[in-house]
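Please open the model in your viewer and keep the selection panel at hand.

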Amino acid sequence: MDAAAAPWVLHVDLDQFIAAVEVLRRPELAGRPVIVGGRGDPTERAVVATASYEAREYGATSGMPLRLAARKVPGAVLLPVDAAAYNEASDGVMATLRRLEVVVEVLGWDEAFLGVETADPEAFARHVQAAVLQATDLHCSVGIGDNKIRAKIATGFGKPRGVFRLTRANWLAVMGDRPTIDLWGVGSKVSKRLAALDITTVHELAAVSQETLVGEFGPRMGLWYGQLGKGIGSTTVDDTPWVARGHSRETTYQQNLTRRDQVLEAVRLLAEQAFQDTVAEGRPVTRVTLKVRYAPFFTQSKARKLPAPTSEREAVVAAALALVERLDPGREIRLLGVRAEMQMPEDGDPAERTPIRGRL
């Protein structure tokens with residue numbers, strides 16, 4: 001190994017991945033505002049899976065109701081979600097990254113960490129971009145960091161098609177004045193709780209006492225948020241195959257559910273489907289979560305830890321049905337989801353290798 005080489009974490013993030021795959025399939029869409037979601041029909045209830053950069057200029061964002069996005073974007077091209085195509089494209093990208101003979105930790109369809117030893121991380125990042133483009137015709141941005149947190153956040157500064165380095169040396173210079181919600185792992189709820197403590201910027205989060213954060217968030221998460229404010233994170237890129245924590249099923253209903261019997265039947269079906277997805281894993285279910293989206297668009301979740309891990313279908317279904325009692329009976333429901341979380345293997349939880357928060 002070259003004596004000048006040093007270990008780096010690179011975060012590779014494909015630019016507007018789903019939209020980019022669709023444009024490759026339909027070159028005539030290049031430069032047009034493309035929105036992918038549901039079955040591509042704005043008269044149906046669905047959310048945006050992704051929007052091209054051209055569509056984002058009009059305010060279309062992932063997770064937005066498809067109907068609203070279509071209204072926002074003049075001349076939008078609306079396309080249905082094609083998961084099989086995105087899986088195939090993603091597999092091609094990840095295979096390309098592995099051929100670079102570095103450690104590759106896949107985070108999802110469109111992103112991965114690379115563990116690299118090099119004297120020139122920017123040059124290696126450009127090499128990664130060129131290799132992905134040549135093999136797949138897809139563009140990516142690369143964040144360079146001395147740990148995963150900084151590499152992940154750095155990618156945002158490099159988009160699109162760029163490279164950015166974020167390390168201990170420039171962490172506060174780059175991030176100090178930015179709002180806490182710009183940190184990977186801080187959402188709107190956490191940022192509001194921090195704001196209630198007069199912590200609104202990354203610099204303020206980095207400077208606050210450990211006792212204050214532990215008092216608000218508990219010993220585990222309080223310490224974690226304190227480290228996050230300083231940009232401290234794991235430096236280990238792990239290519240161990242990902243082990244699912246759980247399986248989820250959800251449905252958006254074209255007509256609101258208004259009756260209790262409708263809700264109970266819908267939750268039973270979703271719970272049975274989620275349970276069946278866990279059977280192939282061979283691990284018992286330990287926790288059940290019920291997600292609900294009330295009309296017009298307010299979402300919350302209710303969770304229940306099971307008395308003991310179980311591999312019995314009816315125990316999982318019963319737990320999901322019990323959570324229905326905690327829903328607001330006076331509100332119409334447009335979406336329901338059930339998640340069955342499983343007992344993790346004894347040799348550890350590979351999901352803990354990155355600070356990604358679980359989502360239903």
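Helices, as named here, are DSSP runs of at least four residues, numbered from the N terminus. The model on display is a predicted one.

Begin with the second largest pocket, whose volume is about 280 Å³. Its lining comprises 19 residues; select Gln 16, Ala 20, Val 23, His 139 and Arg 161, which lie nearest the centre. Two elements each give two or more residues to this lining, namely helix H1 (17-25) and helix H2 (53-56). Which of the elements supplies the largest share of the lining? That share comes from H1, with four residues. Colouring the lining of the second largest pocket by class gives 10 nonpolar, four polar and five charged residues.

Next, select Glu 22, Arg 25, Arg 26 and Asp 82, which are joined in a network of salt bridges. Across the whole structure, a search finds 20 salt bridges. The remaining stops show individual pairs.

Display the side chains of Arg 150 and Asp 146, which form a salt bridge with an N to O distance of 3.1 Å. Is Arg 150 buried or exposed? Arg 150 has a relative accessible area of 6% and is therefore buried, the cut-off for that class being under 20%. Asp 146, at 28%, is partly exposed.

Move to Asp 277 and Arg 249, a salt bridge in which the closest N and O atoms are 2.8 Å apart. Asp 277 belongs to helix H11 (residues 260-279) and Arg 249 to strand E9 (residues 246-257), so this pair ties together parts that are 28 residues apart in sequence. Both residues are partly exposed: the relative accessible area is 23% for Asp 277 and 33% for Arg 249.

Finally, select Arg 268 and Glu 314, whose closest N and O atoms are 3.6 Å apart in a salt bridge. Because Arg 268 lies in helix H11 and Glu 314 in helix H12 (residues 313-324), the pair ties together parts that are 46 residues apart in sequence. Arg 268 counts as partly exposed at 27% relative accessibility, and Glu 314 also counts as partly exposed, at 45%.

Notes:
Residues are numbered from 1 along each chain as its sequence is written. This is a predicted model: local features need pLDDT of at least 70, side-chain atom pairs count only at pLDDT 80 or more; totals for chains, interfaces and linings use all residues. Side-chain values use heavy atoms; hydrogens and water are left out. On a 1 Å grid over the protein atoms alone, a cavity is a set of points where a 1.4 Å probe fits but cannot get out, and a pocket is an open set with protein on both sides within 12 Å along at least five of seven lines; lining residues have an atom within 4 Å of a point. Grid points are joined across faces, edges and corners, and a volume is the space filled by probe spheres set on the points. Ala, Val, Leu, Ile, Met, Phe, Trp, Tyr, Cys and Pro count as nonpolar, Asp, Glu, Lys and Arg as charged, and the others, Gly among them, as polar. A salt bridge is a side-chain nitrogen of Lys or Arg within 4 Å of a carboxyl oxygen of Asp or Glu. Buried means under 20% relative accessible area, exposed over 50%, partly exposed in between (1.4 Å probe, protein chains only).
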